[in-house]
Amino acid sequence: MFDIIVIGAGPAGMTAAIYARRAAKTVLVLEAMSYGGQIINTPEIENYPAAAHISGFDFAAGVYNQAKELGAEFRFEKAVEIEDRGEEKRVRTPKNEYAAKAVIIATGSVNRRLGLEGEEKLIGRGISYCATCDGAFFRKKTVAVVGGGNTALEDALYLADLAEKVYLIHRRDSFRGEESTVTRLRERENVEFVLNSVVRTLHADKKLSAVEVVNKQGEKRTLAVDGLFVAVGRIPENRNFAKLIALDAAGYAVAGEDCRTQTEGIFVAGDNRVKEVRQLVTATADGAVAATEAIKYING
C-alpha cells in the first residue's frame, strides 16, 4: 500500500512525486515509456524560470533524479485501469496491481501527428508542435504552421514576430479560430495563407528543408521552410480512466485549479487536464497543487 500513486512521469507527475515525498508520503510513479514526457523532444528550454538554455532531456533528467533521491519509486509499466474502493484505490498494469490511498493522473496529452513519412525523425530537426517553446530557434527564418484552429492562428501570429516568413497552411478555405486573430494575420506582410491545402511530403536531409503541399485541385507546391509547426490538435491520455473522471468533448479531464476530479482521492495534473495554458511551468505547477491536495485528502 502506497500513500500516493502517480500515473505518468512527465514534469507534472515527477513534480507531484517530489512534493509528496517532501511531505513524507510513500510514492509510486508508474510510467508507460520513459520519464520526461513530451519535454524531452525540446532541444532547448528558454522560458522556464532560472533554467534558461537547458535541453528538455537534461531538465527531465534533473527532475527525475531529484524525485528518486527523495525516495520516490519508479516502475515502467502502463496503468490500464483504476478501481475505486473508497479509501483504497487499485491501479492495474498488464503485469501488476498496486494499492494507494490517492492517485494522481498525470498522463499528459500527445500532439496529433500529420502521419507523414519521416515526421517522427524530424521532431527537433525542423518539426515542432509548440511555437512558444521552439519559435525562438527560427528567428529571421522561414517557417510554416499547419492548422485552422485558435492554436494554429496564435502560433502563426507569435511566429510572425520572429520569422522572416510564415506560411499558414489549412485544409479548408476558412478558419475555425477567432476572426479577430485571422484579421491580425492578414495585416502581417510576412504571413501568407495557403488554403484548401494539405502537407503531403516532407523534404529533408539531416533536417527539414521543404514541404510539399497539395490543394483541392491536385496542384502541388513546394515551400522551402526551415521549420514546420504542427497545430492540428492534441489527444489527452485519459481514455483508460473515463469511468472515474469526467471528460470534456475533447477527452480532457474536467478539474479545477485544485486538480480534484469528481472521484474523491483521484486527482489530475498537467496537459491531460482542462486548462487554458499548457506549458512546462503550468505542468509543474499542477503537479505541486495535485500533490498538496492529495496530501490534504490523505491526512483528512
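Residues are classed here as nonpolar (Ala, Val, Leu, Ile, Met, Phe, Trp, Tyr, Cys and Pro), as charged (Asp, Glu, Lys and Arg) or as polar (the others, Gly among them). The structure is a predicted model, in which local features need pLDDT of at least 70 and side-chain atom pairs count only at pLDDT 80 or more, while totals for chains, interfaces and linings use all residues. Residues are numbered from 1 along each chain as its sequence is written, and side-chain values use heavy atoms, with hydrogens and water left out.

Strand pairing is described first. Helices (H or I, at least four residues) and strands (E, at least two) are DSSP runs numbered from the N terminus, and two strands pair if DSSP finds at least two bridges between them. V145 has L168 of β10 as its bridge partner.

Parallel pairing is also found between strand β1 (residues 2-7) and β2, over four bridges. Here I4 has V27 of β2 as its bridge partner. From strand β2 (residues 27-30), V27 and V29 point one way and L28 and L30 the other way; all are buried, where buried means under 20% relative accessible area, exposed over 50% and partly exposed in between (1.4 Å probe, protein chains only).

The loop between α1 (11-22) and β2 contains A24. Most residues other than glycine have a negative phi. The phi of A24, however, is positive, near 65°. This residue counts as exposed, at 60% relative accessibility. A positive phi of about 65° is found as well in C259, which is not a glycine. C259 lies in the loop between β16 (234-236) and β17 (266-268) and is buried, with a relative accessible area of 0%.

Aromatic contacts were examined next. A pair of aromatic rings is described by the distance of the centres and the angle of the planes. Rings of Phe, Tyr and Trp (its six-membered ring) pair if their centres lie within 6.5 Å, and planes under 30 degrees apart count as stacked, over 60 as edge-to-face and the rest as tilted. Six aromatic pairs are present in the structure. One of them joins Y64 and F74, whose ring centres are 4.7 Å apart and whose planes stand at 70°, so the pair is edge-to-face. Because Y64 belongs to helix α2 (residues 56-69) and F74 to strand β3 (residues 73-75), the pair ties together parts that are 10 residues apart in sequence. Y64 counts as buried at 13% relative accessibility, as does F74 at 10%. The pair formed by F175 and F193 is edge-to-face, with 5.2 Å centre to centre and 70° between the planes. F175 is located in the loop between β10 and α5 (179-186) and F193 in strand β11, so this pair ties together parts that are 18 residues apart in sequence. Both F175 and F193 are buried. Ring pairs also link Y35, Y64 and F74 into a cluster.

Charges over rings were identified with a separate rule: NZ of Lys or CZ of Arg must be within 6 Å of the ring centre and within 35 degrees of the ring normal. The charged end of R113 sits over the ring of Y129, 4.6 Å from its centre. R278 lies over the face of Y252, with 4.0 Å to the ring centre.

Grid points are joined across faces, edges and corners, and a volume is the space filled by probe spheres set on the points. The second largest pocket has a volume of about 310 Å³. Its lining comprises 16 residues, of which L114, V146, G147, R171 and V232 lie nearest the centre. By class, eight of the lining residues are nonpolar, four polar and four charged. Strand β12 (residues 197-204) gives the most to this lining, with three residues.

The count of cavities of 30 Å³ or more comes to one. The largest cavity has a volume of about 50 Å³ and is lined by I39, T42, E44, I45, E46, N47, C133, Q279 and L280. This lining has four nonpolar, three polar and two charged residues.

Key:
On a 1 Å grid over the protein atoms alone, a cavity is a set of points where a 1.4 Å probe fits but cannot get out, and a pocket is an open set with protein on both sides within 12 Å along at least five of seven lines; lining residues have an atom within 4 Å of a point.
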